[in-house]
Amino acid sequence: MTHAEALPAWAALLTAFLVLVGASLTLIGAIGTLRFRTFFERVHAPTLGTSWGTGAIVLASSLLFSVLGSRLVFPELLIGVFVSITTPVTLMLLARATLYRERSEIASAAAPDLLEDPGDRPT
Amino acid sequence: MRNILPYPVLTAALTVVWMLLNSFSLGHLLLGAVVAAGASRAMTALEPSKPRLRRWQLIPWLCGIVLIDIAKSNFAVASVILRRRARSPGFVSIPLELRDQTGLAVLACIVTSTPGTAWVEYDSATGELLIHVLDLVERQEWIDLIKNRYEATLREIFE
């Protein structure tokens, strides 16, 4: 941060606010991951970090460097785009694996001889 | 034209990504276009389904409501975590009429990016979508949200 003194006050305040919001949301998400007790509840907590947690920090970075360079810079927005299109992949893998395990546990508890494939295929 | 540029939208998107990562100049436009054309030709080997955008004018509107909804549910989930209040998590099964693969992929991104809802399973044979909701108060409310707010718009865009 070499040109921080060149930054107008409104931009500095807005950047600080956005970074704070993003960091707090990500922290709350991390706390939630610890606090929740079951897998399917836990899955929701980190999405705070991957949605507006990332979003606010990305916006802050974009704003800061746009004001400092007096032109629009937004390669950061790509981070947001890629985070939001790749999260579903991991999440679905984890969720489906858990669902499969729970179903097969229920099936094996109810009828040990008739352990069935839940019969759903990824599309 | 089809043989040279099989996926024009993809090529354009890749060129924009290239210039975002480098700089907006004529040199990078040309270089990015060459790289993007090569990359999108390589895509033909994967034979992806070609999405048809019927009403692309709705895309900015959809992005807007999704960003606002995500912001709202960020605060809802944050308050659930911080206040340790009693919650009733549960699964909701939603019958979808949307069949377009790209539309379903976008819906998956929306549902997953929204804190408090998680896409669990989609059965392509029946069109049944299973989502998990962190704070399930009214089941019908969630079905209406997904069906009326997102699915209806996505069907207009893609089908």
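Predicted model: local features only at pLDDT ≥ 70, side-chain atom pairs only at ≥ 80, totals over all residues.
**View 1. Chain A is built from helices.** Chain A has 4 helices and 0 strands. From the N terminus on, its elements run α-α-α-α. Chain A holds 123 residues, of which 29% are buried. Take the contacts in chain A between residues at least 6 apart in sequence: 56% of them join residues at least 24 apart.

**View 2. Chain B meets chain A.** On the chain B side, 26 residues are in contact with 29 residues of chain A. Four elements of chain B each give two or more residues to this side: helix 1 (8–21), helix 3 (58–83), helix 4 (101–113) and strand 2 (117–123). Helix 3 of chain B gives the most, with 7 residues. By residue class, the side of chain B that touches chain A divides into 18 nonpolar, 6 polar and 2 charged residues.

**View 3. Chain B is divided into two domains.** Domain 1 of chain B covers 8–46, and domain 2 covers 58–158. Their centres, taken over C-alpha atoms, are separated by 32 Å.

**View 4. Chain B carries an open sheet of 3 strands.** The strand order is 1-3-2, with antiparallel pairing. Strand 1 (90–95) and strand 2 of chain B stand at the edges. Each has a single partner strand, so one side of each is left without a neighbour in the sheet. Neighbouring strands are turned by 25 degrees against each other on average, direction ignored. Strands of a sheet pair through backbone hydrogen bonds, either parallel or antiparallel.

**View 5. Strand 1 of chain B pairs with strand 3 of chain B.** The two strands run antiparallel and are joined by 6 bridges. Within this pairing, B:Ile94 stands opposite B:Leu129 in strand 3.

**View 6. Strand 2 and strand 3 of chain B form a hairpin.** Between the two strands lie 4 residues. B:Gly127 is in the turn and has a positive phi of about 75 degrees. Strand 2 and strand 3 (residues 128–133) of chain B pair in the antiparallel sense over 6 bridges. B:Thr117 has B:Val133 in strand 3 as its bridge partner. For B:Glu121, the bridge partner in strand 3 is B:Leu130. Strand 2 of chain B is mostly covered, with 6 of its 7 residues buried. Strand 2 also belongs to the elements that give two or more residues to the side of chain B touching chain A.

View 7. Helix 4 of chain B touches strand 2 and strand 3 of chain B. The direction of helix 4 makes about 150 degrees with that of strand 2. Helix 5 (residues 139–158) of chain B touches strand 1 and strand 3 of chain B. The direction of helix 5 makes about 45 degrees with that of strand 1.

View 8. Buried residues of helix 4 include B:Gly103, B:Leu104, B:Val106, B:Leu107 and B:Ala108. Further along helix 4, B:Ile110, B:Val111, B:Thr112 and B:Ser113 are buried too. Helix 4 packs on the sheet and gives two or more residues to the side of chain B that touches chain A.

Terms used:
Residues numbered from 1 in each chain as written. Chains lettered and ligands numbered in written order. Contact = placed C-beta atoms within 7 Å. Nonpolar A, V, L, I, M, F, W, Y, C, P; charged D, E, K, R; others polar. Domains from an automatic or database assignment. Buried ≥ 20, exposed ≤ 12 C-beta atoms within 10 Å, placed from the backbone. Pairing = 2+ DSSP bridges. Axes fitted to C-alpha atoms, helices over the stretch in contact; angles between N-to-C directions.
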